[in-house]
Structure formats: C-alpha cells, structure tokens
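Visitor: Before we look, I would ask that each label be set against its definition, so that I can follow how it was reached.

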Amino acid sequence: MNSSFLIAQISDLHLKAGGRLTYGIVDTLGALRRAVAHINASKQRPDVVIVSGDLVDFGHPDEYAVLKPELERLQMPFYLVPGNHDDREHLLAAFADQVYLPLSAQGPMDWVVEQHPVRLIGLDSTIPGEHGGQMDYRQLDWLDGQLSRRPDVPTVIVLHHPPFITGIGHMDREPFINAAAFERVIARHPQVERLLCGHLHRPMQRRFGGSVMCVCPGTSHQIVLDLDEAAPAHFNLEPAGYVLHRWHPEQGLVSHNAVFGEHEGPYPFYDANGLID
C-alpha cells in the first residue's frame, strides 16, 4: 500500500547565545525546545523537518553552537537553508556534518536531497549583509538543470525569502530580485509541488509559476498583520506555529497550518444519540 510522507516545516528561530532574549522579549531558545518536543511527540511523526531560514539572530558562531544540539534532538533528519540573519561561513562550520550542505561558503548554499519520496531542493536566497532576497541567474540556471534532470519526481523547493509582495509594508521595502525570472523557471516544471518559505513570520500562500508558495509562521514570535504601507515594524506573541506537509503518491501534497502547545480538547462532535445538541 502506498504510504504518506510527512514534512514538518519550521522557520525563523532567531536563536541567541547566553540565554539572551531576542529583542529583549522573546525566549527563542525555549520556543525552539517546545517546538522540537512537540514534533518528536506528534501522533503522526514527521519523516523530515525543514528549517526555512533565520536559524539564529546575528549569525555568530556562539549562536550556532547553541542551535546545533537543539536541532539534533529531533528524531528525524532535518534540512536547513540560511536566512538574512544567518552567516554562511559560520553556519557551514557549525553544521559541517550535514552532508547535503555545500563544502564552501563561497557562493549560495544550494543543495539537493534525493533519497525521499519527495525530492527536496534548497535554495539560498540571501544577499550577504542585506535584508531582502534574490535568485541570481547562475542559481536559476542550476535550478532549471536540476528540475529538468528528474521531471517525473515530485519536488519541494525550500528558500527563505518569499518572492512576492505581501502588503506588509516594512517587509516589502526590499523586493525580491529576479522574482519574475524565478517564476518562469518554476512554470516550466510542473513537478514542483510546493515552494516553502519563511522570513515573514506569518502563514501565507500564493500561486507561483503554476505551483503554490507556502510561507511558514515563526517558531516563536510573529510579525503583526497590518497591511497599511506605513505600518511600523512590529511583532507580537501570537501562537507559534509550523506547517505539516503531507505527500501521498495518489493524493498529492496537502499543507496543514498547525500551532505548538497544548490546547483545550479534543471534544467529540457526536454522542450515543448522534450530533450533540
């Protein structure tokens, strides 16, 4: 019998060292520990975990030294792409044992993982020292070649920056470079089931090149949903979340938004007399 393959996506961990709170408020280490415990204890345990960028807050080696053992508590493989808060060199030094990652930080940290029912491709959308993202033309040529090589294999692409305008003004001030060219590449390859992103600290979805772009909420803090162009750059402590992507060869890929933590319930819809009145 064909079975499902589960991908848990978490994002924007913003881990700090020395027990420091992010922005003086957010316990990102505690939030990550709760996320890892939740994923490990899931009734349907994910087969892999994707972390879609901003792994740490300032890209410092001591931050990655805190992050690595926390992610290693996951009871399944995990796969990383960098975000604008990360440092390629320090990330690679900390995770040198992750064989899917490139050996050098001289250039984007793009990768491919082939051994799962869904092919995973990681793209490094970061511009060192900048907040916004891009896909340069060398990356697009590489991606086009990779997708052309296995056109019949369902594929999930992971990157940090969503290549579209969201309406959240302070996050849109540095538009994604080469977004249109990137979308044209995706449109040529219908086996791309999803593009998984972070950066925006909110769940969002958008059509992109005939596929679906899925943005993951933050593991700890969320960006305020304010679509005024002049809205300030604020965050809040809405429930932290993740996305669970379920692939089945006959049913395709379905993405479920979920939250961490314990909540009231479950309660039944029905009793011995039918639907509860």
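Visitor: Why is Y100 called buried?

Guide: Y100 has a relative accessibility of 13% and therefore counts as buried, a term that means under 20% relative accessible area, with over 50% called exposed and the range in between partly exposed (1.4 Å probe, protein chains only). This is a predicted model, in which local features need pLDDT of at least 70 and side-chain atom pairs count only at pLDDT 80 or more, while totals for chains, interfaces and linings use all residues. Residues are numbered from 1 along each chain as its sequence is written, and side-chain values use heavy atoms, with hydrogens and water left out.

Visitor: What makes Y100 and W111 an aromatic pair that is edge-to-face?

Guide: Their rings lie 5.0 Å apart, centre to centre, with 70° between the planes; rings of Phe, Tyr and Trp (its six-membered ring) pair if their centres lie within 6.5 Å, and planes over 60 degrees apart count as edge-to-face, under 30 as stacked and the rest as tilted. Y100 lies in the loop between α3 and β4 and W111 in strand β4, so the pair ties together parts that are eleven residues apart in sequence; helices (H or I, at least four residues) and strands (E, at least two) are DSSP runs, numbered from the N terminus. Ring pairs also link Y79, Y100 and W111 into a cluster.

Visitor: How do you know that W111 counts as buried?

Guide: Because its relative accessibility is 2%, W111 falls under the 20% limit and counts as buried.
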